[in-house]
Amino acid sequence: MNDRHSILETIANVFVPIHRDGHKFVFAFAVVTLILFFLAAPLGWLGVIATAWCAYFFRDPDRVTPQRDGLVVSAGDGRVVFADEATPPGELGLPAGSWARISIFLSIFDVHIARSPVSGRIVRSVYVPGAFFNAELDKASEENERRILVIETPEGQRIGVVLIAGLVARRIVTFVEEGDTLQAGDRIGLIRFGSRIDVYMPSQGLALVAPGQRAIGGETVLADLKSGESPRRVRVS
């Protein structure tokens with residue numbers, strides 16, 4: 001009996017819940033698939049593949065988030081494309097000076113649920129209209145459509161989070177608003193379909209990731225704001 005339960009549990013863990021925002025899209029894809037089957041079976045099977053991909057895109061897995069003060073966790077799943085100092089966009093309203101930015105590119109195959117990188121209160125939320133350049137390009141941070149959030153930690157530090165639409169993405173959905181209090185790892189939004197997330201933090205924070213590295217939203221530690229270590233070196237192997 002225990003072995004049977006273990007097998008069923010293993011199978012169940014393979015299927016990740018779909019976020020509620022994706023239900024209508026999966027339903028629409030399924031309806032179109034049924035119509036295609038009536039027209040021609042090969043088209044119907046293509047619809048099945050498209051519907052399965054849609055369900056896969058909107059998956060919403062639980063994450064295990066470290067809760068130590070000073071840690072900045074990844075705001076999304078994807079590949080780190082930038083980890084260096086940068087000037088934050090004016091819409092963030094952050095003080096002038098040197099800031100560190102870590103950018104993560106989310107392909108159409110990554111989980112697209114955005115998560116809070118730190119615990120704190122949202123003190124700023126701004127929508128900025130813009131273009132839809134490839135989100136892998138650095139200019140996407142300043143020219144693409146985006147939603148800007150600023151989170152103030154209990155220690156008074158401000159962290160900027162920018163959800164950026166990409167070449168395919170045409171919609172940024174946020175689940176939070178100004179005044180909301182968050183825990184690190186809480187879900188804050190969803191970007192459809194392929195995008196980028198920038199996280200701005202005080203430059204004295206020790207970056208623990210490098211360009212090319214894969215990050216997992218809500219789990220991968222991007223930086224430690226309380227570390228006294230020297231910058232880390234990396235190599236590609």
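Which element gives the largest share of the nonpolar patch? The answer is α2, with 4 residues. Keep in mind that the structure shown is a predicted model.

Two elements each give two or more residues to the patch: α2, residues 23-39, and α3, residues 41-57. Take L39 as an example. L39 sits in helix α2. Its relative accessibility is 63%, so L39 counts as exposed, since the cut-off for exposed is over 50%.

Now turn to the charged pairs. The count of salt bridges comes to 9. One of them joins R115 to D60, with 4.0 Å between the closest N and O atoms. R115 belongs to strand β4, residues 113-115, while D60 is in the loop between α3 and β1, so the pair ties together parts that are 55 residues apart in sequence. Both R115 and D60 are buried. The pair also has partners: D60, D62, R115 and R187 are linked in a network of salt bridges.

The loop between α3 and β1 comes up again with R63. R63 forms a salt bridge with D77, and their closest N and O atoms are 2.8 Å apart. R63 lies in the loop between α3 and β1, and D77 in the loop between β1 and β2. The two residues are 14 residues apart, and the pair links distant parts of the chain. Is D77 buried or exposed? D77 has a relative accessible area of 9%, so it is buried; the limit for buried is under 20%.

Next comes R68. Its salt bridge partner is D224, and the closest N and O atoms are 2.5 Å apart. R68 is in the loop between α3 and β1, whereas D224 is in strand β14, residues 221-224. This pair, too, links distant parts of the chain, 156 residues apart. The two ends differ in cover. R68 is partly exposed, with a relative accessible area of 49%. D224 counts as buried, at 10% relative accessibility.

Which residues lie nearest the centre of the second largest pocket? They are R68, D69, G70, L71 and S119. In total, 17 residues line this pocket. The space in the second largest pocket is about 200 Å³. By class, its lining has 8 nonpolar, 5 polar and 4 charged residues.

S119 takes us on to another part of the chain. The C-alpha atoms of S119 and A184 are separated by 4.4 Å, although the two residues are 65 residues apart along the chain. A184 is found in the loop between β9, residues 181-182, and β10, residues 187-192. Its relative accessible area is 9%, so A184 is buried.

End with one more pair that is separated in sequence. D138 and F82 are 56 residues apart in sequence, and their C-alpha atoms are 8.2 Å apart in space. Where is D138 found? D138 is in the loop between β5, residues 120-128, and α4, residues 140-143. With a relative accessible area of 46%, D138 is partly exposed.

Conventions:
Residues numbered from 1 in each chain as written. Predicted model: local features only at pLDDT ≥ 70, side-chain atom pairs only at ≥ 80, totals over all residues. Heavy atoms only, no water. Buried < 20%, exposed > 50% of the residue type's maximum accessible area, 1.4 Å probe, protein only. 1 Å grid on protein atoms, 1.4 Å probe; cavity = no way out; pocket = protein on both sides within 12 Å on 5 of 7 lines; lining within 4 Å. Points joined across faces, edges and corners; volume = space filled by probe spheres on them. Nonpolar A, V, L, I, M, F, W, Y, C, P; charged D, E, K, R; others polar. Salt bridge = Lys/Arg side-chain N within 4 Å of Asp/Glu carboxyl O.
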